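Please look over the sequence and the structure below before reading on.

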Amino acid sequence: MTHETSASSSSQVSCAEALVRLLRDRYAVDTVFGIPGVHTVPLYRGLEAGGLRHVTPRHEQGAGFMADGYARASSKPGVCFIITGPGMTNIATAMGQALADSVPMLVISSVNRRDTLGRGQGRLHELPSQQNVLAGVSRFSHTLLDPSALPEVLARSFAMFQSARPGPVHIEIPIDLFEAPIDLPGTASPTRLYRAGAHPEGIALAAEWLRQAQAPLVLLGGGCAEASKAARTLVEHLDAPTVTTINAKGVLGRGHPLDLGAPGTPVVALVGDGGAMFTLSELATAVDEGLPVVVVLWNNSGYEEIRRYMDAHGVARVGVDPTPPDFQCLADGFGLASHRVESPIALDLALSNVSRISPTLIEIDAERWQAALD
């Protein structure tokens with residue numbers, strides 16, 4: 001069931017300006033992730049004056065994963081502004097992860113002019129069908145061909161985020177429509193999708209199981225995000241330790257004694273030297289944003305897991321020994337604190353001295369660490 005009301009008054013603005021206003025005023029969006037490009041510059045007109053915070057990653061895949069993390073931490077959809085073509089293929093990996101994890105993400109992209117779509121004329125960043133490329137990693141992918149439909153399409157997107165299983169949504173806007181005038185309603189309430197209720201027999205069966213349970217453990221998912229009071233009442237009545245999934249973070253409130261995982265705890269990333277090279281550039285974004293993220297990097301000079309798999313299956317080691325860079329020099333170049341440790345004792349000391357206002361890189365020398373344990 002959906003519900004929407006609007007006022008009769010309206011004002012005419014550009015499609016790009018209307019998008020920013022709708023995101024800010026109707027859907028309470030306060031943060032946008034993206035890298036400006038020649039195809040998205042109109043989206044940035046008035047963005048700062050409009051009160052939206054813009055976070056600049058170093059790669060569009062980084063923008064997608066940042067939006068994913070933002071959504072997980074805030075319980076609000078992450079929003080991205082992405083350029084045509086390579087920008088969209090770059091973010092597709094992050095969208096695929098968000099789709100698998102039911103994370104709400106709104107990806108707004110540009111696309112070539114309407115009169116050139118699908119014509120294969122070799123336009124800048126042209127794809128045969130950008131919409132089809134992204135359809136497989138989103139709940140739906142829509143090409144805006146009529147600027148007056150923008151409020152409707154956004155309403156559908158945010159209704160999707162409240163559905164039984166949210167995920168990423170892609171809206172592409174042809175570059176010739178960014179400056180197109182549209183009549184923006186003066187006031188309106190967002191469309192809302194009401195989730196279906198649980199089956200009564202299922203509730204009765206669950207209640208019986210809980211009555212019989214000797215040491216219950218509660219797992220709260222995104223379906224109870226809008227029933228936080230009932231969820232708290234249940235776990236407190238059972239006095240049961242509770243795990244919350246990605247989409248249920250914060251349901252019990254901050255610091256609840258039964259919550260085994262509350263928002264606000266320190267963020268630590270565990271990565272290998274090989275995997276770190278995929279997104280190492282985003283350390284610069286963490287520095288820009290002053291995020292006290294701790295990156296613990298296990299340096300074993302390559303792809304150790306794949307090396308072992310090759311060895312176990314009698315395959316010669318090929319392509320699994322990339323030379324790692326000097327991570328301490330890189331950290332210094334990015335302007336973040338760093339430590340190189342060789343033992344659990346040294347790691348404990350480094351962790352006790354991490355910065356509370358900026359990121360920290362802790363590099364573990366895998367070979368010497370293993371030697372210290374032997």
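**Leu144 and its surroundings**

Leaving aside neighbours within four places in sequence, Leu144 is in contact with Cys15, Ala149, Leu150, Val153, Glu172, Ile173, Pro174 and Leu177, where contact means heavy atoms within 4.5 Å. The model is a predicted one, in which local features need pLDDT of at least 70 and side-chain atom pairs count only at pLDDT 80 or more, while totals for chains, interfaces and linings use all residues. Residues are numbered from 1 along each chain as its sequence is written, and side-chain values use heavy atoms, with hydrogens and water left out.

Leu144 lies in the loop between strand E6 and helix H6 (150-161); helices (H or I, at least four residues) and strands (E, at least two) are DSSP runs numbered from the N terminus. With a relative accessible area of 0%, Leu144 is buried, a term that stands for under 20% relative accessible area, whereas exposed stands for over 50% and partly exposed for what lies in between, using a 1.4 Å probe and protein chains only. One of the contacts of Leu144, Pro174, is 30 residues away in sequence, yet the two C-alpha atoms are 7.1 Å apart in space.

Strand E6 itself (residues 140-143) holds Ser141, which counts as buried because its relative accessibility is 11%. The side chains of Ser141 and His170 are joined by a polar contact of 2.7 Å, that is, a pair of N or O atoms within 3.5 Å, of which, within protein, one must be able to donate a hydrogen and the other to accept it, and residues adjacent in sequence count only if both atoms are side-chain atoms. Apart from residues up to four places away in sequence, Ser141 touches Gln131, Leu134, Ala135 and His170.

In the loop between helix H5 (130-135) and E6 sits Ser138, which is buried because its relative accessible area is 7%. A polar atom of the Ser138 side chain lies 2.8 Å from the backbone oxygen of Leu134. Not counting residues up to four places away in sequence, Ser138 touches Met95, Leu99, Pro168, Val169 and His170.

**From residues to strands**

In a regular strand the side chains alternate between the two faces of the sheet. In strand E2 (residues 31-34), Thr31 and Phe33 point one way and Val32 and Gly34 the other, and all are buried. E2 pairs with strand E3 (residues 53-55) in the parallel sense over 3 bridges, where pairing requires that DSSP finds at least two bridges between two strands. Thr31 stands opposite Arg53 in E3.

**The chain as a whole**

The chain contains 14 helices and 14 strands, and its C-alpha trace spans about 75 × 60 × 45 Å along the principal axes. Of its 374 residues, 42% are buried. Among contacts between residues at least 6 apart in sequence, 71% join residues at least 24 apart.
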